[in-house]
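Keep the picture at hand as you read.

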Amino acid sequence: MKKLSLFKVYVSDQEEALRFYVDQLGFEVAEDKLLGDYRWLLVRMPDNEEVSLNLENARTEEEKALVGRQAAGQPLFSVSTDNCKRDYAELAGRGVKFEGEPKVMPYGTGVMMQDLYGNKIYLNQDHA
C-alpha cells in the first residue's frame, strides 16, 4: 500500500453537498459522472490530487442513519492550513459553522467546524 486516495461521505442530497463543499469549504470537483442512475461525485482540496471525498447519496436505511454521524462525534477528517485564523474568518464569512474559535494547542492552532450535516472537520495549522 502506498497512499490514501479516496473515502466516502454519505450525504442526503449530492447537489446540496456539492454546493457546500465547493462554495463554502473551497473544495473543487475532481469527478462528476453519471453511470446509469448512479452519480459518481468526487471533490478534493485544490492542488491536492492525492485524496478525494466521494459524496455518496445515502440510499439504504443503514446509510441514511450514518449521514452526519460517520465519525460518531469525532472529526471525520482534518484539513491543514498555513493560517488557521485567516481561514476561520474566511470560512465563517461563507456560513461554515464552527464550534468555537481557533485555539493554540501543543500541536498547533486549530478549530472544529461542521459540514452541512453535522460531520465534524478539524481545521489545523501546525506550529512552525
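## A buried arginine and its partner

Arginine 39 counts as buried, because its relative accessibility is 15% (buried means under 20% relative accessible area, exposed over 50% and partly exposed in between, with a 1.4 Å probe and protein chains only). Its side chain meets that of aspartate 32 in a salt bridge, at 2.7 Å from N to O. A salt bridge here is a side-chain nitrogen of Lys or Arg within 4 Å of a carboxyl oxygen of Asp or Glu. Aspartate 32 is partly exposed, at 40% relative accessible area. Glu15 joins in too: Glu15, Asp32 and Arg39 are linked in a network of salt bridges.

## About the model

This is a predicted model, in which local features need pLDDT of at least 70 and side-chain atom pairs count only at pLDDT 80 or more, while totals for chains, interfaces and linings use all residues. Residues are numbered from 1 along each chain as its sequence is written, and side-chain values use heavy atoms, with hydrogens and water left out.

(Strands are DSSP runs of E with at least two residues, helices are runs of H or I with at least four, and both are numbered from the N terminus.) Glutamate 28 is partly exposed at 28% relative accessibility, whereas arginine 44 is buried at 17%.

Another salt bridge pairs aspartate 87 with arginine 86, their closest N and O atoms being 2.9 Å apart.

## The nonpolar core

In soluble globular proteins, nonpolar side chains tend to be buried together. A nonpolar core is a set of buried Ala, Val, Leu, Ile, Met, Phe, Trp, Tyr and Cys residues joined through side-chain atoms within 4.5 Å. The largest one in this model has 29 residues, and those with the most contacts inside it are Tyr21, Leu25, Leu55, Phe77 and Met113. Among the elements giving two or more residues are helix H1 (14-24), strand S4 (52-57) and strand S5 (75-80). H1 provides the largest share, four residues.

What does tyrosine 21 touch, leaving aside neighbours within four places in sequence? Its contacts (heavy atoms within 4.5 Å) include Val9, Phe27, Leu55, Phe77 and Ile121.
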